[in-house]
Amino acid sequence: MSQLDCTWADSPGLVGALATVDHKRIAIRYIVTTLVFFALAGLLALVMRTQLARADNDLVGPDLYNQLFSMHGSAMMFLFAVPVMEAVALYLVPLMVGTRNVAFPRLNAYGYWLFLFGGLMSFTVFALNIGPEAGWFSYVPLAGPQYSPGKRTDFWAQLITFTEVAALIGAVQIIVTVFKMRAPGMTLSRLPMFAWAMLVTAFMIVFAMPSVMLASTFLITDRLVSTQFFNPAEGGDVLLWQHMFWFFGHPEVYIIFVPALGMISEILPAFARRRVVGYLGLVIALVSIAFLSFGLWVHHMFTTGLPPLGMSFFTVASIMIALPTGLQIFCWIATLTTGQPVRFATPILFVIGFFFIFVIGGMTGVMLGASTLDQQLHDSYFVVAHLHYVLIGGAVFPLFAGFHYWFPKITGRQLSERLGRWNFWLFFIGFNVAFFPMHILGLEGMPRRVYTYSAASGWEGLNLLATLGAFMVGASVLVFICNVVLTLLRGTRAGDNPWGAPGLEWATASPPPAYNFSDIPVVQSRSPLWEENFPVATVAGLPESVPTVLVTRLHDAQPDHVALLPAASLWPLLAALATTVLFIGTVFSPWALIWGSVPVGITLIGWFWPTADEARRHREIEIRPREAEQREVAFGELSA
Amino acid sequence: MNHTALAPGGPFAERIVDLFWLFGVVAGVVYLIVIGFLVYGLRRRPAGTEPVMAPVSATTLRAIGVALGVTGIVLVGLAFSDFLGNRALAHVPPDALRIRVTAHQWWWEIEYQDPLVTRRVMTANQLTLPTGRPVVLELGSRDVIHSFWVPSLQGKKDLLPGYTTTLALLATRAGDYTGECAEFCGFQHAHMSLDVAAVPPDEFARWLDVQRAAAAEPETDLQRRGREVFLTSSCRACHAVQGTIAAARLGPDLTHVGSRPRIAAGTLPNNSTNMAAWIANPQAFKPGARMPASPLASDDLGALSAYLGSLQ
Amino acid sequence: MNARTTLDVSRLPTYAFGHRSLMWWGTAGMIVIESTLFAIGLVGYFYLRGIAHEWPLSAPPPELRYGTWNTAILLLSGIPNQLAARAALREDLGAVRRWMLVCLAAGVAFQVVRALEFTALNTHWSRNAYGSIVYALLTLHTVHMVTDFVDTAVLAVLMFTGPLTGRRFVDVSENAGYWWFVIGAWLPIYFTIYLVPRLF
């Protein structure tokens with residue numbers, strides 16, 4: 001065992017697992033948790049589809065059905081789609097930029113625990129028949145105190161609080177890690193595409209999430225202490241909710257989608273054995289998408305009777321976002337046409353599936369963005385079709401591509417190619433059978449969120465078909481789970497770089513050691529492992545007696561100083577438990593804000609307070625900035 | 001049931017479906033082109049061993065530029081066609097028939113407007129429209145947000161508490177159409193349908209005269225007994241029948257309920273058996289509906305149903 | 001790996017001030033998030049005002065007295081705050097301790113005055129949307145003010161008791177930055193709550 005092994009190792013057993021601040025262990029947990037929520041939310045969908053397979057069906061009554069679709073949407077959006085992308089980023093980004101951990105390791109742990117407890121709360125209240133019932137976007141006045149009595153909507157609003165805080169924490173991690181902890185020589189123009197995508201996503205999270213946090217807080221206070229934000233009788237406004245929610249809600253779907261774009265920009269070039277075409281264009285496209293996405297939200301409100309001039313503006317913006325999205329697609333196709341012929345394997349199959357499915361979703365998105373067309377299509381099954389085409393085609397398919405691609409790196413074992421193909425084809429065919437008919441159902445007048453419909457409506461046939469497709473999708477997920485379990489038990493071992501890919505994450509063992517790299521490489525290219533003499537140099541002299549990382553400069557990735565990272569600790573878990581008590585307490589009483597803050601304060605102090613032992617170890621290796629300046633050491637010194 | 005956006009019964013829906021086909025054809029062509037290039041990129045060809053490190057050729061970059069430019073032009077064209085469509089839909093001639101629609105959980109209150117209050121017509125869950133004459137709906141809600149949607153005639157419009165929105169309708173093809181509530185509004189959002197009948201103008205005038213008249217006098221003993229039951233039990237607390245002392249507005253107006261094709265906002269076809277079953281236990285058909293069960297003896301129930309059926 | 005050439009970082013400092021430090025960026029991230037929250041709250045205020053027939057709704061504007069005193073106290077607290085930050089840069093422990101205590105004294109003062117502000121708003125959160133948004137804005141700022149006070153107090157205690165490393169001076173410097181944010185965020189909120197109903 002080297003010094004690095006000792007310093008970075010977690011304590012064995014349960015305590016070590018609970019106290020770990022290793023970004024990889026936390027990320028794996030995070031990913032697995034989101035997949036459990038994904039499976040649960042998917043099961044809810046299967047129940048809904050079973051109910052809708054026949055006209056006038058009585059398998060599920062309106063009360064349960066309304067909870068089912070509200071939980072399905074809320075769990076998929078808040079407990080799966082955003083968190084899984086962040087979790088994958090929290091695993092990969094430190095490896096991709098060549099550092100040993102994220103910028104704030106304990107905060108990382110805290111973010112995961114908070115997310116977990118929020119998710120547990122949601123499914124628990126659902127199991128107790130007090131789950132949210134007003135849809136994943138919870139419009140007022142339906143979700144307000146008068147029309148949604150009880151605590152159901154309050155639990156929904158707190159689900160928001162839990163997951164948005166966790167997402168904001170993840171976003172700050174990613175920004176600071178990408179900005180300040182890149183390996184020497186990795187200027188921003190050499191940053192991997194996935195890291196760019198996550199950087200852009202993190203900024204979107206920072207600016208979008210506060211809106212829904214404030215909105216959900218206003219909803220809670222309207223319900224709990226009689227504020228009047230959304231009550232027209234007392235100067236409030238029902239559309240205020242919609243504006244505040246969708247100002248977050250539209251960027252939210254790009255928060256889910258942009259990471260997937262980053263994944264494709266990693267996987268596709270690796271399979272085409274070619275550097276991605278149009279790196280600069282792709283980065284500019286990502287940034288444009290992020291900016292534009294904040295200017296579209298009113299397209300969710302086209303039928304509320306807004307002034308026509310406003311609607312025209314949002315139509316143009318909604319349609320024009322197809323332009324940077326299109327640029328991405330053109331660059332990828334150019335990468336394929338100018339690269340080596342692709343060797344088909346599960347990851348690239350899912351990428352190809354993305355093209356087939358997402359482009360349809362993008363087209364229907366342009367239709368929905370046109371305010372005139374939207375007058376017919378809004379709130380019908382056409383929208384249900386569209387949103388699943390873009391979310392599943394545009395995010396879940398790339399995610400599954402990513403799972404199959406990075407699984408060997410994460411676990412050291414290669415997923416079965418045979419099961420992967422079954423997974424892909426069942427998913428691809430099942431998805432289209434399930435969701436394509438819904439375009440037609442929407443045009444045939446079927447509204448969203450109906451627990452049943454009459455035989456006379458003529459909607460039964462297509463609904464039955466959709467249900468069959470849904471079960472196929474369910475089967476494909478089962479195949480995936482089997483693949484993962486069997487592979488973990490006895491799959492083939494993977495080497496460092498099974499795909500022959502160029503990124504830094506492939507320059508270390510599979511799975512990586514706790515400290516990621518034995519030696520931090522110096523980077524001189526966008527595709528480091530495809531360069532002839534990689535690495536040109538490695539970093540030496542990082543203290544190893546405590547966890548340390550190299551902090552580099554934002555604009556030129558030159559070494560700046562060494563950051564001493566905190567050791568593993570149980571405080572983040574305790575703080576998350578205290579926060580959970582605070583959040584759940586405020587569902588029942590506003591006073592919880594006061595007494596609930598006390599344990600939170602105590603645990604945060606415990607977390608932050610340095611131990612004498614750690615202080616001593618830090619002082620042993622301490623080099624003060626003034627001393628370093630006096631010795632005129634600005635950068636590290638290259639030596640042959 | 002006629003509730004498809006693809007078979008329009010009037011110019012507004014026609015305009016929208018034309019736009020849909022334009023977008024759809026463009027989408028189809030673009031999709032085939034993109035997939036075509038994708039397949040071309042995946043085609044089998046001799047492979048090298050090393051990754052391609054050469055910079056991308058100027059031709060390829062130009063091709064991407066052209067694709068981007070063409071995409072931009074197409075998108076601008078589509079946006080412009082939508083803008084034109086918007087303008088066309090916004091134009092409503094001044095002599096429109098005005099109808100006030102108020103949404104409730106879970107039924108539609110309909111009031112045909114007139115400068116003279118006594119000539120106004122109150123009905124529920126049903127619209128009869130004259131063909132060829134524009135109609136303007138003034139939309140509002142008593143409780144939560146709903147959305148009025150008759151796909152064969154027009155796009156939809158939300159009904160919001162605290163606001164009045166408007167929607168123009170124009171039926172040029174006579175026929176029966178169906179509408180739905182298109183904004184999730186609680187338990188029985190799925191059972192908030194309305195029946196729209198587009199009829200020639202003279203037939204419409206006749207219909208309006210009949211609707212303006214007070215409730216028909218019962219002709220048989222059974223119907224008389226039914227009116228007795230109606231006026232002495234809890235029905236009066238929520239429902240009005242013009243010409244009797246029942247004048248409450250909490251539930252749908254029943255003055256001409258016998259002439260409606262369906263009852264309970266489209267939950268059941270309108271016949272005497274269904275009417276009796278509905279009154280006896282609304283929760284069996286529409287759980288969560290605001291109407292309580294009626295503890296009536298079965299022959300009273302039959303009489304009541306006969307009376308209501310006679311209110312044509 | 002071919003590692004014949006090395007980049008030797010063994011003489012780099014183990015902490016750094018200002019935007020060189022990770023903590024600075026973390027704090028900046030917090031500030032951006034909170035600023036967005038405030039901005040959306042302020043937009044909400046003007047939205048509700050825009051749809052109202054009169055403003056304030058059924059109430060006289062909030063009393064100017066306490067809010068204005070607090071603005072003065074907050075601005076003045078910037079002085080010990082900045083002096084504490086400079087002392088931290090110099091790694092002067094004695095000065096850091098002194099100026100942090102002065103900051104805390106200012107903190108007690110503005111929290112007391114803030115409590116008085118709440119009694120003089122001339123409305124109630126449950127009365128109407130105007131009352132709700134005024135209370136929301138003031139409460140948002142108060143929460144930040146209180147948590148910053150607690151942060152500062154804990155850090156101040158630590159600077160007295162130890163255990164200390166050089167990194168703690170960076171924490172003091174970052175904390176001062178956040179304190180400036182609490183002051184800076186107050187100005188548009190003061191303007192909106194107290195002056196907008198009177199001026200426009």
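In β1(C), which residue is the bridge partner of A:T538? The partner is C:T6. This is a predicted model, in which local features need pLDDT of at least 70, side-chain atom pairs count only at pLDDT 80 or more, and totals for chains, interfaces and linings use all residues. Residues are numbered from 1 along each chain as its sequence is written, while chains are lettered from A and ligands numbered from 1 in the order in which they are written.

**Confidence**

- The model has an ipTM of 0.97 and a pTM of 0.97.
- Chain C has an average pLDDT of 96, where pLDDT is the predictor's confidence in each residue, from 0 to 100.
- In chain C, 98% of the residues score at least 70.

**Chain A with chain C**

- Chain C puts 47 residues in contact with 66 residues of chain A (contact: C-beta atoms, placed from the backbone, lie within 7 Å).
- On the chain C side, β1 (6-8), α1 (22-51) and α4 (129-161) give two or more residues each. Helices (H or I, at least four residues) and strands (E, at least two) are DSSP runs, numbered from the N terminus.
- α1(C) gives the most to that side, with 14 residues.
- By class, the side of chain C that touches chain A holds 28 nonpolar, 15 polar and 4 charged residues. Ala, Val, Leu, Ile, Met, Phe, Trp, Tyr, Cys and Pro count as nonpolar, Asp, Glu, Lys and Arg as charged, and the others, Gly among them, as polar.
- Strand pairing also links these chains: β3 (residues 538-540) of chain A runs parallel to β1(C), over 3 bridges. Two strands pair if DSSP finds at least two bridges between them.

**Chain A with chain B**

- This contact takes 72 residues from chain A and 69 residues from chain B.
- Five helices of chain A each supply at least two residues of the side that touches chain B: α4 (62-97), α10 (308-320), α11 (322-338), α12 (346-369) and α13 (371-377).
- α11(A) gives the most, with 12 residues.
- The side of chain A that touches chain B divides into 40 nonpolar, 23 polar and 9 charged residues.

**Domains of chain A**

- Chain A is divided into domain 1 (26-537) and domain 2 (569-609); the bounds come from an automatic or database domain assignment.
- The C-alpha centres of domain 1 and domain 2 of chain A lie 29 Å apart.
- Domain 1 of chain A brings 15 residues to the contact, and domain 2 of chain A brings 13 residues.
- On the domain 1 side, α5 (105-127) and α6 (152-180) of chain A each supply at least two residues.
- The largest share of that side, 7 residues, comes from α5(A).
- The side of domain 1 of chain A that touches domain 2 of chain A has 10 nonpolar, 2 polar and 3 charged residues.

**The sheet of chain B**

- Chain B has an open sheet of 5 strands, in the order β4-β10-β9-β6-β7, with mixed pairing.
- β4 (126-130) and β7 (157-159) of chain B are the edge strands, each pairing on one side only.
- From one strand to the next, the twist averages 25°. Axes are lines fitted to C-alpha atoms, for helices over the stretch in contact, and angles run from 0 to 180 degrees between N-to-C directions.
- Strands β9 (residues 175-181) and β10 (residues 194-199) of chain B run antiparallel, joined by 5 bridges.
- B:G175 has B:A198 as its bridge partner in β10(B).
- Helix α3 (residues 201-212) of chain B lies across β4 and β10 of chain B, at about 135° to β4(B).

Key. Two residues are in contact if their C-beta atoms, placed from the backbone, lie within 7 Å.
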